[in-house]
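Please look over the model before reading on.

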Amino acid sequence: MSVVTTQMHGDIAVVTIDNPPVNAASQAVRQGLMNALMATEKSKPAAVVLTCAGRTFVAGADIREFDKPFLEPGLPELLNAIESATRPWIAAIHGTALGGGCELALACSHRIGAATAKIGLPEVNLGLIPGAGGTVRLPRLIDPIDAARLAITGKPIGAREATKLGLFDAIAEGDLLEAAVELAKDAADKPMRAPLLTRAAPEVDQATWDAAISKLTAKARGQNSPHEAAAAVRDALDHDGPAALKLERERFMRLKGSPQSAALRYIFFAERTVGKSPRTKGVAPRPLAQIGIIGGGTMGAGIAAAALLSGLKVQMIERNQDAANAGAARVEGILGGSLKRGLITEAKHDALHANFEAASDYAELGEADLVIEAVFEDMDVKKEVFAALEAACKPEAVLATNTSYLDINEIAASVKDPSRVVGLHFFSPAHIMKLLEIVVPEALADDVLATAIQFAKIVRKLPVLAGVCDGFIANRIMSSYRREADYLLEDGALPYEVDAAMRNFGMPMGIFEMQDLAGLDIGWAARKRRAATRPASERYVDIPDRICKQGNFGRKTGRGWYLYDDGKPTRDPEVEALIISESARKGITRKKFTEEELMARILGCMQNEGAAILSEGIAASREDIDVTMVNAFGFPRWKGGPMFMKGA
Ligand code: 3HC
Ligand code: NAI
């Protein structure tokens with residue numbers, strides 16, 4: 001059966017696209033639409049409603065076709081033909097009309113959305129710009145600066161905003177198709193609207209435009225596509241429709257072949273590939289309704305908030321009632337913040353509170369389906385907690401640890417049934433960061449793994465599976481390049497130089513700034529723990545330990561790698577003198593590094609550690625490592641990840 005079918009509703013033709021999962025505008029869809037257009041141009045219904053089956057309107061061009069030979073008909077030609085139709089076309093939008101889907105809707109004469117519909121131009125996220133008239137038609141329909149915002153930021157907007165901007169003609173309060181048919185009947189009785197492509201572009205004062213664009217592109221850092229999107233919308237204002245369309249297409253084709261787009265497309269699919277395991281195929285997860293959380297500190301509170309915001313019930317356990325109250329206050333701090341920012345309503349906020357309890361008695365955990373431990377990073381404390389959990393929880397409850405570095409096989413072995421113990425390693429702040437490392441110990445049961453993956457989906461996290469080792473994927477690679485950064489200090493660099501090199505490469509911050517933010521005491525504790533097993537032959541840099549010994553732990557103490565007199569980092573002459581004296585003490589002649597040299601050492605280290613992680617089976621694929629680096633540490637998406645860059 002064709003992926004595009006047409007049915008008559010009275011004298012209105014309803015054209016339906018049915019191309020699961022997201023109705024991408026593949027060749028079959030384009031051809032089907034072209035056929036439907038030719039047929040309706042011949043049969044002349046009063047008007048045409050264009051709708052989609054399944055969960056969404058067209059979510060874009062079919063990205064999987066981008067690396068294959070081009071097949072007629074092209075999307076731009078199809079959309080020009082639809083826009084030139086002699087009958088009104090009404091796009092009936094539910095789900096997400098994105099990229100080519102938004103452009104298809106723009107080629108229609110009218111647009112009506114379900115109240116929950118979203119529409120946008122996210123091509124920049126794939127290193128592209130709209131390639132089928134999005135930058136040309138949109139500024140001829142809505143305020144050009146709003147059009148530029150959609151194309152530059154890639155952020156979709158909801159139905160209400162779309163209606164306010166004039167992008168939607170109406171919102172369907174009841175059944176979308178019925179409302180679209182009514183709109184079609186109304187449109188059929190009125191004169192045809194002029195196609196957007198034939199309309200004159202509105203004028204925008206250059207100074208207003210420049211100010212808006214510089215604000216909108218400010219966050220692009222090293223990524224090209226937002227700047228290209230801005231230039232494409234500007235072209236659309238400076239040229240007539242057909243000429244602008246040609247320029248847009250040329251720009252789109254050039255970007256499609258660019259390294260940034262290749263990297264962004266790779267990471268798009270990588271994020272959808274990770275978190276799957278052949279072990280869980282056909283394996284049902286255990287029920288997940290009631291979650292226990294042990295420890296209400298930074299991580300416990302963040303995890304509790306993430307679970308509550310996803311509709312789960314949460315029982316928090318702390319060491320005593322005072323600590324439980326403090327944990328509950330931390331959770332309220334996060335939920336209250338969501339309320340203040342308008343992310344949840346007052347009613348939802350109150351409902352979340354009703355789903356939350358904090359206490360000190362493990363007996364409260366009798367009904368918990370999954371318990372996540374987030375207590376101090378100390379093996380003895382963790383084992384005590386797991387013994388208490390074993391006594392308090394039902395036997396089928398999954399027991400998880402949020403440990404950053406500790407041996408989860410050892411934790412699992414401390415309980416009678418190690419098959420129920422898994423690592424759920426969140427990143428701080430846990431209610432915001434998307435990544436969740438699911439750490440798989442040797443004895444883990446398949447259905448417990450399936451439950452962990454299911455939990456990640458429920459709390460809307462991006463799960464990456466990792467094996468047990470010191471630091472799993474993320475922290476093991478980070479420890480390794482942090483060590484390399486320390487070597488660079490002894491070899492001749494200063495912290496601000498390494499940090500600048502990392503920022504200019506595209507990381508959100510450098511490794512030294514990051515440590516100051518997280519607290520230098522965390523790494524210090526880990527180094528002390530490893531001191532006994534560290535090979536005597538291993539190069540060891542004493543500088544960070546010496547900073548910690550002075551009680552300087554970073555931002556929280558006002559001093560670390562940098563000084564924070566007014567909250568902003570400034571170079572610390574004492575730290576720099578210490579670094580230089582340490583090079584001298586070790587007999588190292590300091591060398592001046594270029595940014596490229598500094599980054600080559602840091603990146604090379606990430607790649608070598610990544611290769612070791614792959615060869616040891618800690619990560620199953622390079623995608624696991626790249627998705628981790630992008631989502632844990634802000635490795636620039638437009639570079640794909642260290643392993644993608646290596647071509648491994
Ligand atoms: N082309 C091909 N496959 C796509 C696709 C697309 N545009 N969008 C999503 N898919 C696939 C995914 O790879 C995934 O496949 P899998 O099941 O085999 O892993 C499946 O559809 C479901 O996707 P998600 O898991 O992401 O489902 P969600 O429900 O979480 O999200 C979505 C749905 C919001 C549509 C999200 O998939 C998305 O953002 N997609 C990309 C949208 C986009 O970037 N569109 C622009 C494309 S470029 C373009 O249109 C150029 C034009 O201007 C010419
Ligand atoms: P934290 O010090 O902020 O919180 C720990 C909490 O555990 C405290 O509130 C403490 O009272 C409570 N606690 C200690 N023993 C307990 C017990 N026996 N029963 C109940 N509660 C107990 O620590 P944080 O930062 O939240 O870390 C917790 C765990 O998460 C550690 O294993 C850490 O390595 C890991 N982690 C930390 C990250 C971070 O960025 N802070 C990131 C990822 C993991």
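The sections below go from the basis of the model to its domains, a sheet and a helix.

## Basis

This is a predicted model, in which local features need pLDDT of at least 70, side-chain atom pairs count only at pLDDT 80 or more, and totals for chains, interfaces and linings use all residues. Residues are numbered from 1 along each chain as its sequence is written, chains are lettered from A and ligands numbered from 1 in written order, and side-chain values use heavy atoms, without hydrogens or water.

## Domains

Three domains divide the chain: domain 1 (4-257), domain 2 (282-466) and domain 3 (474-617); the bounds come from an automatic or database domain assignment. Between the C-alpha centres of domain 1 and domain 2 the distance is 43 Å.

## The open sheet

Helices (H or I, at least four residues) and strands (E, at least two) are DSSP runs, numbered from the N terminus. Eight strands make up an open sheet with mixed pairing, in the order β12-β11-β10-β13-β14-β15-β16-β17; two strands pair if DSSP finds at least two bridges between them. β12 (356-359) and β17 (462-467) are the edge strands, each with a single partner, so one side of each has no neighbour in the sheet.

Five bridges join β10 (290-294) and β11 (313-317) in the parallel sense, and I291 stands opposite V314 in β11.

## Helix α9

Helix α9 (225-238) has 14 residues. Among the buried residues are P226, V233 and L237. The buried residues of α9 pack against α4, α5, α8, α10 and α11, where contact means heavy atoms within 4.5 Å.

Notes: Expected span 1.5 Å × (residues − 1). Buried < 20%, exposed > 50% of the residue type's maximum accessible area, 1.4 Å probe, protein only.
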